[in-house]
Amino acid sequence: MACAARAQGSPAAVSHGGPAKLAPDGMGKKDDPRLMQEWFKLVQEKNSLVRYESELMIFARELELEDCQSRLQQELRERMAIDDNLKNSEELLEEKRILNEMLDVVEQRDALVALLEEQRLREKEEDKDLEAVMLTKSYNLNWS
């Protein structure tokens with residue numbers, strides 16, 4: 001039961017080496033400063049891991065796009081090595097399609113950079129909010 005509550009982020013389920021002490025009415029001591037501080041620490045740790053996972057997913061997508069852009073550039077170079085006078089209209093249209101696809105990939109990469117920056121700013125704001133809550137509850141800030 002404590003594992004399920006801990007996984008859900010319940011402050012009553014967090015403890016220091018043993019099960020949470022129960023009040024006479026059977027409820028956990030939700031106002032226990034040690035438990036609340038541990039809960040805040042776990043929330044921050046979870047947020048940090050979720051953020052890291054998100055960054056890794058963005059970096060993986062960035063690598064995919066980088067690889068795609070590289071392949072498109074190589075294909076375009078090969079096609080452009082042939083004189084335009086020797087190409088038919090279909091080959092010229094294919095070059096244009098490749099160039100447009102390259103531009104699309106560049107736009108997607110730019111969007112990922114913007115998304116990453118937006119996430120970092122939002123994360124800073126979330127950290128400030130969590131810190132403010134902890135300060136209002138008079139809990140020590142020991143993130144490290």
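## Overall architecture

Among contacts in the protein (heavy atoms within 4.5 Å) between residues at least 6 apart in sequence, 59% join residues at least 24 apart. The model is predicted: local features need pLDDT of at least 70 and side-chain atom pairs count only at pLDDT 80 or more, while totals for chains, interfaces and linings use all residues. Residues are numbered from 1 along each chain as its sequence is written, and side-chain values use heavy atoms, with hydrogens and water left out.

The protein contains three helices and zero strands, in the order α-α-α along the sequence. These elements are DSSP runs numbered from the N terminus, with helices (H or I) of at least four residues and strands (E) of at least two. Of the 144 residues, 25% count as buried, that is, under 20% relative accessible area; exposed means over 50%, and partly exposed lies in between (1.4 Å probe, protein chains only).

## Packing of H2 and H3

Helix H2 (residues 33-80) packs against helix H3 (residues 89-136) at an angle of about 170 degrees, and their axes are 9 Å apart. Axes are lines fitted to C-alpha atoms over the stretch in contact, and angles run from 0 to 180 degrees between N-to-C directions. The two helices are therefore roughly antiparallel, a class assigned to angles over 145 degrees.

The residues of the contact of H2 with H3 comprise 20 nonpolar, six polar and 16 charged. Asp, Glu, Lys and Arg count as charged; Ala, Val, Leu, Ile, Met, Phe, Trp, Tyr, Cys and Pro as nonpolar; and the others, Gly among them, as polar.

## Nonpolar cores

The largest nonpolar core has 10 residues: Ile58, Leu65, Cys68, Leu72, Leu76, Ile98, Met102, Val105, Leu112 and Leu116. H2 and H3 are the elements that give two or more residues to this core. Such a core is a set of buried Ala, Val, Leu, Ile, Met, Phe, Trp, Tyr and Cys residues joined through side-chain atoms within 4.5 Å.

Beyond its neighbours within four places in sequence, Leu72 is in contact with Ile98, Glu101, Met102 and Val105.

## Surroundings of Glu75

Glu75 lies in helix H2 and counts as partly exposed because its relative accessibility is 27%. Leaving aside neighbours within four places in sequence, Glu75 contacts Glu94, Arg97 and Ile98. Glu75 and Leu99 are 24 residues apart in sequence, with a C-alpha to C-alpha distance of 10.0 Å.

Key:
Angles under 35 degrees count as roughly parallel, over 145 as roughly antiparallel, 65 to 115 as roughly perpendicular and the rest as oblique.
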